[in-house]
Amino acid sequence: MFKKVAIAAVLSLMVSGVAYAGLDALKGLGKEAGKGVAASAKEGALSAVTKKLKKVQNEKGPIKFKTGKAEIDPSCDKTMTAIAAIMTDYPGFHVQVDGHTDNVGKPEANQKLSQDRADAVVKYLVDKKAVDAKRLSAKGFGDSKPIADNKTKAGQAKNRRVDFTVTKM
């Protein structure tokens, strides 16, 4: 009888140990799943705000520049005001201003022009719309990321653009 009780106790401890080990493994899985859900939610939030910023240009009009220059056309103020309002609505987000050009001209010149235009948008938002400069950055891509065919004037016009990308919270 004593042997049966002792064997039962040992088996019980072994099963309990396996159960606890299983629970520890499940805890680890829960943490990993939680991280995945949090990362997914963060990416979703970044994407949603990026879409809002892109939608502004579709509704209010694109940010325009004088040909070959980084001077923002004054008619873009409504667009810039709407962009600043979105940034006010989402104070914890950082936005990168992406400058792009068509393929007319030398690649080096296009790269510089795209960077100058992205910088001009950041300056405008900071100086005229009171957006915190720490929440903005600028990156020029030159003609490396076309969204339309550069063989037509209409395609070139679409490629001369400024985009906004929310990069972090």
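Q: What makes strand β1 and β3 count as paired, and in which sense do they pair?
A: In this predicted model, strand β1, residues 94-99, and β3 are joined in the antiparallel sense over 6 bridges; two strands pair if at least two bridges are found between them, so β1 and β3 are called paired. Within this pairing, Asp98 stands opposite Asp163 in β3.

Q: Why are β2 and β3 said to stand at the edges of the sheet?
A: The open sheet of 3 strands has the order β2-β1-β3, with mixed pairing. Because β2 (136-140) and β3 (162-168) each have a single partner strand, one side of each is left without a neighbour in the sheet. Neighbouring strands of this sheet are turned by 25 degrees against each other on average, if direction is ignored.

Q: Which helix packs on the sheet, and which strands does the helix touch?
A: Helix α3, made of residues 107-129, packs on the sheet and touches β1, β2 and β3, while its direction makes about 165 degrees with that of β2.

Q: Why is Ser114 called buried?
A: Ser114, which is found in helix α3, has a relative accessible area of 0%; buried means under 20%, and therefore Ser114 is called buried.

Terms used. Residues numbered from 1 in each chain as written. Predicted model: local features only at pLDDT ≥ 70, side-chain atom pairs only at ≥ 80, totals over all residues. Heavy atoms only, no water. Helix = DSSP H or I, 4+ residues; strand = E, 2+ residues; numbered from the N terminus. Axes fitted to C-alpha atoms, helices over the stretch in contact; angles between N-to-C directions. Contact = heavy atoms within 4.5 Å. Buried < 20%, exposed > 50% of the residue type's maximum accessible area, 1.4 Å probe, protein only.
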